[in-house]
Amino acid sequence: MVGEPDRAQLRRRLGRSDLRAVSEVRGALRELLRSWGKPGRSDIAELLTSELVTNALVHTDHDAILTATVAPGRLRVEVRDFVGRRPKLRVPNADDGTHGRGLVLVQSLADAWGVRAHGVGKVVWFELDGGPV
């Protein structure tokens, strides 16, 4: 963790196709958010972070970088990958099994989210309001 007063940050480089990184990131995020936010907000943060990390590792054949920044009352999570193709928000089909629901979850549960170009690649991000400080 690095940061200014009242700010904490988690930053991890995730290896190409290393899906073990998903649970490792969840654990590190859980530790970072131990005393943050209203009840249930850190659980939502873990779920949404898992979705973004999984998407980056499954849908690109490259490494990814996770950055989670906690400030009083606010969390911002960014997952950067090195493929310029933007993710598509799609309505999941019952025949898709568990696929195609990640960005729908992010859209539904995050207070804000988006995608922006970043050099070679993109950053998919979300923000959560933790409630009163």
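Colleague: What volume does the second largest pocket have?

Modeller: About 170 Å³. Keep in mind that this is a predicted model.

Colleague: Which residues lie nearest the centre of that pocket?

Modeller: L32, L33, S35, W36 and V70. They belong to a lining of 11 residues.

Colleague: And which helix and strand each supply at least two residues of the lining?

Modeller: Helix α1, residues 20-32, and strand β2, residues 64-71.

Colleague: How many of the lining residues are nonpolar, polar or charged?

Modeller: The lining of the second largest pocket has 7 nonpolar residues, 3 charged and 1 polar.

Colleague: New topic. Where does E78 lie?

Modeller: In strand β3, which covers residues 74-81.

Colleague: What does E78 touch, leaving out residues up to four places away in sequence?

Modeller: I65, L66 and T67, then R116, and also V123, V124 and W125.

Colleague: Which side chain has a polar contact with the side chain of E78?

Modeller: That of R76, at 2.8 Å.

Colleague: And which ring face does R76 lie over?

Modeller: The face of W125. R76 is 4.2 Å from the ring centre.

Colleague: Last one. How many aromatic pairs does a search of the whole structure find?

Modeller: The count is 0.

How values were computed
Residues numbered from 1 in each chain as written. Predicted model: local features only at pLDDT ≥ 70, side-chain atom pairs only at ≥ 80, totals over all residues. Heavy atoms only, no water. Helix = DSSP H or I, 4+ residues; strand = E, 2+ residues; numbered from the N terminus. Polar contact = N/O pair within 3.5 Å; in protein donor to acceptor, adjacent residues only side chain to side chain. Contact = heavy atoms within 4.5 Å. 1 Å grid on protein atoms, 1.4 Å probe; cavity = no way out; pocket = protein on both sides within 12 Å on 5 of 7 lines; lining within 4 Å. Points joined across faces, edges and corners; volume = space filled by probe spheres on them. Nonpolar A, V, L, I, M, F, W, Y, C, P; charged D, E, K, R; others polar. Phe/Tyr/Trp six-rings, centres within 6.5 Å; stacked < 30°, edge-to-face > 60°. Lys NZ or Arg CZ within 6 Å of the ring centre and 35° of its normal.
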